[in-house]
Amino acid sequence: MEAGKVETLSWLRSDSLAHDGFGEIGMTDIELTFHGAAQTVTGSCMEVAHGGRSILVDCGLFQGSRSLEHLNHQPFRFSPDKIDAVILTHAHIDHSGLLPRLAADGFSGPIWCTEATRDLLVYMLADAARIQESDAAHRNHRADRADEPEIAPLYTEADAERAIALIEPVSPGQWFEPAPGMRARLWNAGHILGAASIELNAGGVSVLFSGDLGPANKTFQSAPTAPVGIDHVICESTYGDRDRPDIEIAARQSMLEQEIKDALSRGGNLIIPVFAVERTQELLFDIATLINTGRLPNRPVFIDSPLASRATSVFAKHQRELADLGDGGIFDNNAFHYIETPAQSMNLNTMSGAVILAASGMCEGGRIRHHLIHNLARADSTVLFVGFQAQGTLGRTLLDGARRVRISGRDIAVRARVHRIESYSAHADRSDLLDWISARQPIRGSLFLSHGEPGAIAALRDACATKDNSVLMPAIGERYCLAANAPARRLSTGIPEIQQVAARDWQNDYADFAVNLKRQLQRIHDDAARRDAIRRMRHLLDDVADHRARKQAATRLPQQQQRNRRRSDTRR
């Protein structure tokens with residue numbers, strides 16, 4: 001091995017080893033660091049280091065609460081210009097959405113993925129950049145932020161174009177070299193169009209990254225495949241704590257038929273928050289089938305997401321790779337109306353009895369938010385969720401039964417009917433995950449359970465406890481040494497502050513408190529008592545702020561005294 005590579009590897013590890021003292025790492029071993037999607041379902045990013053080289057598996061955006069999204073603006077915990085390559089499991093933004101920022105910060109290596117993923121990213125990264133720019137502009141013009149500093153977008157369309165130019169498509173099953181000394185190939189993950197699991201070999205150590213895995217009876221996708229006899233496996237755990245009913249596509253279509261009929265019979269709109277890739281296309285497939293067979297009337301269905309429209313064109317391009325499509329033609333049904341301009345989108349708010357599919361799927365951005373503003377307070381409208389809703393998102397808050405929510409600075413009463421169909425999930429459920437893990441046996445080293453909320457990961461770990469494996473639940477920031485035929489060894493601990501942010505944060509609690517505060521005060525029937533309650537709340541907030549300031553001052557004083565002593569010693 002070249003001396004320069006050894007020195008670089010030593011520099012990469014010096015801080016964590018010196019601090020935690022977990023031991024040395026062998027020259028043939030792999031170092032694995034979790035930078036995201038560990039005990040949370042967002043921000044997927046793992047760093048693999050070997051022989052002085054480093055690559056990333058995914059580079060995803062943190063999505064959810066404002067505090068969680070703030071992590072996207074923090075410095076990377078690695079040097080982007082020292083990353084040799086990125087291997088991407090699939091195009092979803094929580095796995096790819098930080099690529100433009102990575103490129104803007106100095107990364108210039110190849111981004112390896114399937115051809116279908118590349119085709120989706122051309123639209124998805126550009127759309128993500130436009131959202132970053134428009135959201136920053138919108139927040140800067142909000143009246144309640146007029147006295148706050150302006151917000152800069154996380155990245156721009158130019159940054160997205162820079163990242164797209166780095167993409168190198170590779171066919172599943174084809175070996176390639178992401179960095180000297182590393183070999184990799186892709187396997188079908190059965191999740192969305194182009195999704196892959198990643199097999200990586202370096203220094204005689206084999207590692208398998210599941211990426212997001214698809215369930216049984218998945219529209220368009222065949223069952224996941226992957227090799228056996230791997231040293232270390234990193235498996236997603238999104239639905240590690242639950243089994244969904246094993247529903248065939250025909251039965252799922254019957255459920256959707258009933259939901260649409262029930263919603264439209266109430267006279268209001270049916271609002272469906274959708275993910276632009278795969279979920280939208282599955283719904284269109286089912287709705288077209290129901291219309292073509294006469295089970296639903298040929299009524300207008302509005303797809304209010306320019307990204308979904310463009311992604312649908314990619315599905316049509318790759319229809320030969322997809323199951324169920326037959327001769328195609330599903331996506332151009334004459335009942336479907338693809339909405340492009342903001343003005344067209346806003347015009348939908350004047351309608352009743354419409355079926356509107358709008359992004360984003362967790363209601364954290366995009367056009368779905370203004371549709372919710374105009375429909376949540378209507379008792380005749382229905383909001384139908386068809387995808388996973390992470391902790392801290394508006395979608396999760398609605399599913400958990402909130403009666404009032406806060407959207408874009410506005411307090412909204414929830415009178416609409418809120419329903420859910422779980423059978424559209426693009427993720428494997430608990431039984432599917434256990435079957436996939438079992439099919440990978442023997443796992444000669446460790447099984448890592450990632451990409452899941454803590455409860456889901458713990459439940460899946462308990463179900464795997466009888467297996468002859470070391471089962472680990474990594475946290476964000478943790479580093480591990482991976483050797484052949486041996487359990488993984490932790491090199492450094494995680495970052496507790498990030499794990500706390502990954503759960504429900506103070507802004508979720510504030511929104512819930514703020515939208516209900518006036519009602520709670522109105523329950524106090526005496527004006528003087530109301531004023532006293534407000535006075536006491538203010539006093540409590542002042543006390544907390546004063547206590548924090550005193551604590552910080554007490555901490556700074558000994559530090560200043562130590563600096564003064566050091567200056568005095570130097571003068572002597």
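Ile 339 counts as buried at 8% relative accessibility, where buried means under 20% relative accessible area, exposed over 50% and partly exposed in between, with a 1.4 Å probe and protein chains only. Ile 339 lies in the loop between β14 (336-338) and α10 (342-347); helices (H or I, at least four residues) and strands (E, at least two) are DSSP runs numbered from the N terminus. Contacts of Ile 339, beyond four places in sequence, include Phe 302, Ile 303, Asp 304, Leu 348 and Arg 367, contact being defined as heavy atoms within 4.5 Å. The C-alpha atoms of Ile 339 and Asp 304 are 4.8 Å apart, although the two residues are separated by 35 residues in sequence.

The structure is a predicted model, in which local features need pLDDT of at least 70 and side-chain atom pairs count only at pLDDT 80 or more, while totals for chains, interfaces and linings use all residues. Residues are numbered from 1 along each chain as its sequence is written, and side-chain values use heavy atoms, with hydrogens and water left out. The mean pLDDT of the chain is 87, and 87% of its residues reach 70 or more; pLDDT is the predictor's confidence in each residue, from 0 to 100. Over residues 1-23, pLDDT stays under 50, and the model has 35 contacts beyond four places in sequence for this segment.

The chain comprises 17 helices and 23 strands. Of its 572 residues, 52% count as buried. Among contacts between residues at least 6 apart in sequence, 74% join residues at least 24 apart.

The largest nonpolar core contains 92 residues, of which Leu 99, Leu 102, Leu 120, Cys 235, Leu 256 and Ile 437 touch the most other members. Such a core is a set of buried Ala, Val, Leu, Ile, Met, Phe, Trp, Tyr and Cys residues joined through side-chain atoms within 4.5 Å. Residues touched by Leu 102, beyond four places in sequence, include Leu 56, Cys 59, Phe 76, Phe 78 and Phe 107. Apart from this core lies another, of 35 residues, among them Ile 30, Ile 87, Ile 198 and Phe 209.

Helix α5 (residues 115-140) has 26 residues and should span 38 Å at 1.5 Å a residue, which agrees with the 38 Å between its end C-alpha atoms; the expected span is 1.5 Å times one less than the number of residues. A kink of about 35° in α5 is centred on Leu 121, the bend at a residue being the angle between axes fitted to the seven residues ending there and the seven starting there.

Two further loop residues are also buried. Phe 62, between β3 (53-57) and α2 (66-70), has a relative accessible area of 6%. Its contacts beyond four places in sequence include His 35, Thr 42, Leu 71 and Ile 476. His 191, in the loop between β8 (182-188) and β9 (196-202), is buried with a relative accessible area of 0%. Among the residues that His 191 touches are His 90, His 92, Asp 212, Glu 278 and His 427.

A cis peptide bond joins Ala 359 and Ser 360, with omega about 10°, and the bond from Gln 441 to Pro 442 is cis, with omega near 0°. Gln 39 has a positive phi near 60° and is partly exposed at 23% relative accessibility. Asn 485, with a positive phi of about 55°, is exposed at 55% relative accessibility.
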